[in-house]
Amino acid sequence: MNKRRISIEDIARRAGVSHSTVSRALRDNALISPKVREEIKQLAQEMNYVPNAIAQSLQNKRTNTIGVVVTSIADPFFAEVVDGIEQIARPTGLSVLLSASHRDFEQEIAAINTFHRRRVDGILVADSRISKQHTKQLTQIAVPTVLINSQAEEQSEIFHSVAIDDRLGARLATDHLISLGHTAIGYLGVGDRSRSNQQRLQGYRMALAEAGLPQNPDWVAISDQENTRTSDVTTGQQMLSKLLAAEVTGIFCYNDMVAIGALLACQELGILVPRSLSLVGFDGIALGCYVTPALTTVSQPMLEIGGYAMQMLLDLLEEKTVENRVLSPSLLQRSSSAALRKSS
């Protein structure tokens, strides 16, 4: 038989004091003497009293929960970002509620509205599509909100953000292939018009220009599904053939999952990586270590991104001044890229 939950009234009867005295003692109210406070807390512990979280939230107007919106819970990148969020949230007693937007603006707004109904204390949104143009939706967001790698070209100034330097990352990837002797370098992108996709393409083109290499439109393969995204692995598998037809020797891929798709396509076609084709991804997800060959990639500090965003949200909840952050990625060289082999 289940035991009945111990209440404040039970403690009050055992202590021989009023309900309000117990309530104040448990909240360290100065109206109750330190000695009585300690005695009541000790009694509550002996009786296995568990505070009512809902009642507490009504008293302090906090629910000790935050909402996190990611594009997909299946994406390894967001799994690590959420891990970074929880590492900062957990010691403060905050619980994390998770929702997926599937890169859809309406689903993103629906998730935010759901969090509002649950009275979360703050919201983190990854890959947000909310921009300055969405005035009506912006006014609905009435709690501190931090954006992670926002995909809007014109981000609203009412939000704070943590982002990665996508252009720098693309330049690192492309410069790496150039340093290995590759001059015909392709870019394999995704089929939406996300800010990160555009900036990585820009960084790729900047690196080619600075190296004095030509800008060949045939070296850029981007899915024609402009506003949607199929599986990134599928995109890599399907779009590789276009770049092979353009006779590139190295490819910078939008992210690691696209690169893994391209790697699978190479295996199906009997193309040896990196002997015949070098591949570089972007993100630095753990899966890149386990494919064969191990994936050279531009590594995002995923745990730090989540941690910084969560700390920024905590600071906003305490009404502290915060500044937006742009983090720098780094090149992680593995086995999928190698020096260009000279044809005999």
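## A short tour: two loops and a helix pair

Arg129 is buried, at a relative accessible area of 18%, so select this residue to begin. Keep in mind along the way that this is a predicted model. You will find Arg129 in the loop that runs between β3 (122-126) and α7 (135-140). Now show its side chain: the side chain of Arg129 reaches the backbone oxygen of Asp127 at 3.0 Å.

Next, select Tyr49, in the loop between α3 (34-46) and α4 (53-60). Is Tyr49 buried or exposed? Its relative accessibility is 19%, and because buried means under 20%, Tyr49 counts as buried. To see its surroundings, leave aside residues up to four places away in sequence; Tyr49 then touches Ile6, Ser7, Ile8, Ile11, Leu26 and Ala44. Pick out Ser7 from that group: Ser7 and Tyr49 are 42 residues apart along the chain, yet their C-alpha atoms are separated by 6.8 Å.

For the last stop, select helix α8 (residues 166-179) together with helix α9 (residues 195-210). Their axes lie 7 Å apart and the helices pack at an angle of about 40°, so α8 and α9 are oblique to each other. The crossing of this pair, α8 and α9, is right-handed.

Now display the side chains where the two helices meet. On the α8 side, select Asp166, Arg167, Ala170, Arg171, Thr174, Asp175 and Ile178. Their partners in α9 include Ser196, Gln199, Arg200, Tyr204, Met206 and Leu208. Colour the contact of α8 with α9 by class and you get six nonpolar, five polar and six charged residues.

Methods:
Residues are numbered from 1 along each chain as its sequence is written. This is a predicted model: local features need pLDDT of at least 70, side-chain atom pairs count only at pLDDT 80 or more; totals for chains, interfaces and linings use all residues. Side-chain values use heavy atoms; hydrogens and water are left out. Axes are lines fitted to C-alpha atoms, for helices over the stretch in contact, and angles run from 0 to 180 degrees between N-to-C directions. Helices (H or I, at least four residues) and strands (E, at least two) are DSSP runs, numbered from the N terminus. Angles under 35 degrees count as roughly parallel, over 145 as roughly antiparallel, 65 to 115 as roughly perpendicular and the rest as oblique. A crossing is left-handed if the near helix is turned anticlockwise from the far one by less than a right angle, and right-handed if clockwise. Contact means heavy atoms within 4.5 Å. Ala, Val, Leu, Ile, Met, Phe, Trp, Tyr, Cys and Pro count as nonpolar, Asp, Glu, Lys and Arg as charged, and the others, Gly among them, as polar. Buried means under 20% relative accessible area, exposed over 50%, partly exposed in between (1.4 Å probe, protein chains only). A polar contact is a pair of N or O atoms within 3.5 Å; within protein, one must be able to donate a hydrogen and the other to accept it, and residues adjacent in sequence count only if both atoms are side-chain atoms.
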